Each structure stands twice: as C-alpha cells, then as structure tokens.
Amino acid sequence: MGTWTYTVDGAEFEVDYEIDWVDDRETTRAYITSIKHKGVEFLDLLSKGIVEYLSEKLNEHVDYD
C-alpha cells in the first residue's frame with residue numbers, strides 16, 4: 001500500500017492505493033483504496049469520472065520498477 005498526495009487549487013488530498021502486480025508493466029496498475037482531505041474520506045462521495053481521472057494521474061505517478 002502506498003500514499004500519494006494530490007493537490008488541486010491548494011487543497012491536498014491523500015490518496016491511498018494498492019498495486020495489482022502482474023507479469024508485465026503494461027497491465028500492472030495501481031488502484032485507489034481511499035481519498036481523504038483533512039482526514040475526511042471522500043472516495044464514496046466523488047463521482048466515478050473524478051475517481052477515474054485520479055486513477056489515471058496516479059498510474060502516471062507510480063514507479064513500477
């Protein structure tokens with residue numbers, strides 16, 4: 001499990017994630033398990049589109065090596 005801090009308009013969100021390890025890098029993906037701002041959980045409150053956007057950004061950020 002890892003934590004990534006994503007900042008938007010000065011607000012910091014703590015994004016917890018797990019990595020789904022597979023044999024090749026092309027299919028290894030990180031998936032979000034929690035999104036918090038100031039200790040408040042937002043994962044269930046955010047729209048699917050926002051969570052997908054953050055997942056894409058997370059996968060650009062994570063170093064799978």
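**Entry 1: the E3–E4 end.** I began with E3 and strand E4 (residues 40-41), which run antiparallel and are joined by 2 bridges. Before going on I noted the ground rules: this is a predicted model, where local features need pLDDT of at least 70, side-chain atom pairs count only at pLDDT 80 or more, and totals for chains, interfaces and linings use all residues. Residues are numbered from 1 along each chain as its sequence is written, and side-chain values use heavy atoms, with hydrogens and water left out.

My strands and helices are DSSP runs numbered from the N terminus (helices are H or I with at least four residues, strands are E with at least two). I call two strands paired if DSSP finds at least two bridges between them.

E3 and E4 make a hairpin with 2 residues between them. In that turn I found lysine 38 with a positive phi of about 55°.

**Entry 2: histidine 37.** This residue lies in strand E3, and its bridge partner in E4 is valine 40. What does histidine 37 touch, leaving aside neighbours within four places in sequence? I listed Ala11, Glu12, Phe13 and Phe42, with contact meaning heavy atoms within 4.5 Å. The C-alpha atoms of histidine 37 and alanine 11 are 7.7 Å apart, although 26 residues separate the two along the chain. I also noted a polar atom of the histidine 37 side chain at 2.8 Å from the backbone oxygen of glutamate 12.

**Entry 3: the whole sheet.** I traced 4 strands in an open sheet, ordered E1-E2-E3-E4, with antiparallel pairing. E1 and E4 are the edge strands, each pairing on one side only. Between E2 and E3 I read 7 bridges in the antiparallel sense, and there isoleucine 19 stands opposite alanine 30 of E3. E1 and E2 are also antiparallel and joined by 7 bridges; tryptophan 4 has valine 15 as its bridge partner in E2. The E1 and E2 hairpin has 2 residues between the strands, and aspartate 9 takes a positive phi near 50° in it.

**Entry 4: helix and core.** Next I looked at H1, which lies across E1, E2 and E3 and runs at about 120° to E3. The angle is taken between N-to-C directions on a scale from 0 to 180 degrees, using axes fitted to C-alpha atoms, for helices over the stretch in contact.

Which residues touch the most other members of the largest nonpolar core? Of its 13 residues, they are Trp4, Val15, Tyr17, Ile32, Ile35 and Leu58. Such a core is a set of buried Ala, Val, Leu, Ile, Met, Phe, Trp, Tyr and Cys residues joined through side-chain atoms within 4.5 Å. Strand E1 (2-8), strand E2 (11-20), strand E3 (29-37) and helix H1 (48-61) are the elements giving two or more residues to this core.

**Entry 5: one salt bridge.** I found 1 salt bridge in the structure, counted when a side-chain nitrogen of Lys or Arg is within 4 Å of a carboxyl oxygen of Asp or Glu. Glutamate 60 and lysine 57 form it, with their closest N and O atoms 3.8 Å apart. The two are 3 residues apart in helix H1, so about one helical turn separates them. Glutamate 60 is exposed at 60% relative accessible area, while lysine 57 is partly exposed at 28%. My scale is buried under 20%, exposed over 50% and partly exposed in between (1.4 Å probe, protein chains only).

How values were computed:
A polar contact is a pair of N or O atoms within 3.5 Å; within protein, one must be able to donate a hydrogen and the other to accept it, and residues adjacent in sequence count only if both atoms are side-chain atoms.
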